[in-house]
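The sequence and the model are shown next.

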Amino acid sequence: MSAQEPTESQLGSGERDYLTRNRGAWNEWAAEFVTSGEASWASHDPTWGSWGIPEAELRVLPAGLDGKDTIELGCGTGYISAWLARRGARPVGIDLSKEQLATARRLQDEYGLPFPLHEGNAEELPFPDASFDLAISEYGASIWADPYRWIPEASRVLRPGGELIFLVNGTLAMLCSPDSGDAPDETLHQDYFGIHRFEWPDWPSVEFHTGSGDTIRLLRANGFEIEDLIELQPPEDAKPVTVSPDMVSLEWSRRWPSEEIWKARKTGA
Ligand SMILES: C[S@@+](CC[C@H](N)C(=O)[O-])C[C@H]1O[C@@H](n2cnc3c(N)ncnc32)[C@H](O)[C@@H]1O
């Protein structure tokens, strides 16, 4: 199956400006993510999303990671790859930001858990076809890179039967986010059809979010079968992993999915 080509409108007029903008933004923000990165490296029990829902409950990671080749797309501080390494996988991370990778490298040294880290763009991976068994992204390339570019690349580097797992903001949360970039409320502020590139005032960065139908078609066009769409609902007493002013409230997240995890498998095994 051939990769789906992005259309002019999907790429936007300022083609690829987002790479420079997002690299700059993440180099600047990296210092603010050191503490949460350290806490996640210290934990041996993976959790998912802003409310820290335990892996034991969600079962996101594949069983039998021992000896598997994994690639984390937009690895940031690298804690997901650390969790994979502790389960016997052979992780590789790639990230656009030198500063985020500096934190990842320092934590690798601290924990004695070395694995390759590449500075680069998840839309143009420096690896041969069929190199990995699992590609994973938690708020990494999954929201900061163009899905019409990074999903075909993930497919290319996965072996037949390989898995793609990615965590993103929930679609309803994006639609209920006001133009100001404040936290979602109970109003549909954004149109749904054709969503793709998002920018917020006073934010240097660019994000990408697609509607569920478009995501399904994009995955299928790139040789994936969808295995699950896990819509995260935090428990009543959930505490946020990190606090930020634009964060979705617990009350909102209890009523609607503020975050979702897609699981897809590359066909042809
Ligand atoms: C929320 S952070 C990292 C997520 C990671 N799970 C963590 O918390 O450390 C998002 C990361 O995506 C990276 N990123 C953004 N665009 C990217 C791209 N096109 N290719 C690779 N990484 C990218 C950023 O540099 C940033 O480190």
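**Helix α3**

In this predicted model, helix α3 spans residues 34-42, and its buried residues are G37, S40 and W41. Here buried denotes under 20% relative accessible area, exposed over 50%, and partly exposed in between, with a 1.4 Å probe and protein chains only. Helices are DSSP runs of H or I with at least four residues, strands are E runs of at least two, and both are numbered from the N terminus.

The buried residues of α3 pack against α5 (79-86) and α6, where contact is defined as heavy atoms within 4.5 Å.

**Helix α2**

Helix α2 comprises 13 residues (17-29) and reaches 18 Å from its first C-alpha to its last, close to the 18 Å expected at 1.5 Å a residue. The expected span is 1.5 Å times one less than the number of residues.

Y18, L19, N22, A25, W26 and W29 of α2 are buried. Seen down the axis, the buried residues of α2 fall within an arc of 135°, so they line one face of the helix. The face turned away from that buried side carries the exposed residues T20 and E28. Among the elements that cover the buried residues of α2 are α6 (98-111), α8 (147-157) and β9 (207-208).

**The ligand site**

The ligand is surrounded by 20 residues, of which T77, D95, N121, A122 and E138 are the closest; a residue counts if one of its heavy atoms lies within 4 Å. An N or O atom in the side chain of D95 is 2.6 Å from an oxygen atom of the ligand, and a polar side-chain atom of Q100 lies 2.9 Å from a ligand oxygen atom. Taken alone, the ligand exposes 590 Å², and the protein buries 95% of that. These areas come from the Shrake-Rupley method with a 1.4 Å probe.

**Residue T210**

T210 is found in the loop between β9 and α10 (212-221). With a relative accessibility of 14%, T210 counts as buried. T210 touches residues including P147, Y148 and H196, leaving aside those up to four places away in sequence.

**Basis of the values**

Residues are numbered from 1 along each chain as its sequence is written, and side-chain values use heavy atoms, with hydrogens and water left out. Because the model is predicted, local features need pLDDT of at least 70 and side-chain atom pairs count only at pLDDT 80 or more, while totals for chains, interfaces and linings use all residues.

Methods: Arc of directions from axis to C-beta. Polar contact = N/O pair within 3.5 Å; in protein donor to acceptor, adjacent residues only side chain to side chain.
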